[in-house]
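Keep the picture beside you and look up each residue as you read.

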Amino acid sequence: MTEADPNHSHNDDKGNGNVTSNGKHSLKVRYVARRNAIFASPRFQYWAAKLPLINRIARSRASSAFDLVAGFSYTQILRACVESGLFDVLSRGPIGHQTVAAELKLSNEAALTLLRAARALTLSEEPVSDGWMLGEQGAVLAADKGAQAMVRHHRLLYRDLAEPMELLRKDRKEATELSRYWSYAGALHGAAHAGQETAEYSQLMAASQHFVADQVLASFRFPESAKLLDVGGGYGAFLRAIGEANPDLHLGLFDLPEVVESGQEILVDAMGSARVSAHPGNFFESDIPRGYDIVSLVRILHDHDDEPVARLLANIHKSLAPGARLLIAEPMARMVGAEGMGEAFFGMYLWAMGSGRARSPDEICAMLKTAGFSRTQTIKTPQPINAGLIVAFA
């Protein structure tokens, strides 16, 4: 929004800081204000619960509102299931609650409380009396070690969010649980053990990278015999997934020296040395290797603030020959069907991390244009909650 924009004006209403909108936007403002007033009315809520045609909508909204209130309890129930090993126990089910209690070192009453709480979230199920098994969601999560790794990791976020206003009032350079953990954020804060933190970062990313790789494979077709360079590729988990599905691709890995050495070994063991090239360097400062048809950035941009992202995109554009492409895959803001993931979860997560933010596809495309890319294409993915996809052409 700029001063030259005729559809917006910023005027203080009697000095109270309210924004007044002109033109077509004022209609939307009045609609939202009227809608909110109606929804907040106890009389409307009473009649909404009575009328057959809208009481289903009213119940759904009430359930969603309760989920907002109880969400932290839900996450802690899931965390308890993962950290206690309950999923492994229930995978041998049906099993009685006393056996669960013994294996989890809980009292019988505590085990029943956890099992019943998990049942409400479809993490556990009791198909026969005191015969407990995995529920639908539990079966999915029990088989997904990457998701379990993320659940364990989120304990750090929960500590930072224990006092959300205190977190928001902090200078972003102040240390948090997350900033001490993550390698790149840790480096920004002058962490003393960046090498160790880098290893932990890459291991966690490798465990969960299939979330994004699955979306890329479902949405983007790699040309035969092309050369793919993954910038910031860690231990090569993304490259391995793409390479296994596209056996003619040549795979290039670019990351910090202490990371790329291990990543190269893993990729060579899986793919053979003829298909793998390794390039140590810092993607902000080093030249990006040339000669690749496609360069990928997988969950990289949202970790960094706007200025370093602009430098990174310009650095990559400089390395690309005409016709080459940049493939960006990461969770994005304002994605239809995944709105909460972008600006609610990642908005607060990255604030706590002290670096980066979730960007919308429009924001990323604008940055790509500024970096010199000729055109961009946003590609729909089956699960935008895991990743959005943008292709930029040199």
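A contact, in this report, means heavy atoms within 4.5 Å. Counting contacts with a separation of 6 or more, residues 24 or more positions apart account for 64% of those in the protein.

Before going further, a word on the model: it is predicted, so local features need pLDDT of at least 70 and side-chain atom pairs count only at pLDDT 80 or more, while totals for chains, interfaces and linings use all residues. Residues are numbered from 1 along each chain as its sequence is written, and side-chain values use heavy atoms, with hydrogens and water left out.

**The overall picture**

The protein has 19 helices and nine strands. Of the 394 residues, 43% are buried. Buried means under 20% relative accessible area, exposed means over 50%, and partly exposed lies in between (1.4 Å probe, protein chains only). The accessible surface comes to about 21,200 Å², and 54% of that belongs to carbon and sulfur atoms. Such areas come from the Shrake-Rupley method with a 1.4 Å probe; for residues, only the protein chains shown count as cover.

**The nonpolar core**

A nonpolar core is a set of buried Ala, Val, Leu, Ile, Met, Phe, Trp, Tyr and Cys residues joined through side-chain atoms within 4.5 Å. The largest one here holds 43 residues, and those touching the most other members are Leu-297, Leu-313, Leu-326, Ile-328 and Leu-368. Helix H18 (residues 339–353) gives the most to this core, with six residues.

**Two packed helices**

Two packed helices are described by the angle between their axes and the distance between the axes. Helix H14 (residues 210–219) and H15 pack at about 35 degrees, with axes 9 Å apart. Here axes are lines fitted to C-alpha atoms, for helices over the stretch in contact, and angles run from 0 to 180 degrees between N-to-C directions. Where do they meet? Ala-213, Val-216 and Leu-217 in H14 touch Phe-238, Ala-241, Ile-242 and Ala-245 in H15.

**Salt bridges**

How many salt bridges does a search of the whole structure find? There are 12, where a salt bridge is a side-chain nitrogen of Lys or Arg within 4 Å of a carboxyl oxygen of Asp or Glu. Three of them are shown here.

| Pair | N to O distance |
|---|---|
| Arg-92 and Glu-103 | 2.4 Å |
| Glu-177 and Arg-180 | 3.9 Å |
| Arg-240 and Glu-244 | 3.1 Å |

Arg-92 is partly exposed at 49% relative accessible area, and Glu-103 is partly exposed at 37%.

Glu-177 and Arg-180 sit three residues apart in helix H11 (residues 177–181), about one turn of the helix. Glu-177 is partly exposed at 25% relative accessibility, and Arg-180 is partly exposed at 45%.

Arg-240 and Glu-244 both belong to helix H15 (residues 237–245), four residues apart, about one turn of the helix. Arg-240 counts as partly exposed at 36%, whereas Glu-244 is exposed at 52%. Elsewhere, salt bridges with shared partners join Asp-306, Arg-357, Arg-359 and Glu-363 into one network.

Terms used: Helices (H or I, at least four residues) and strands (E, at least two) are DSSP runs, numbered from the N terminus.
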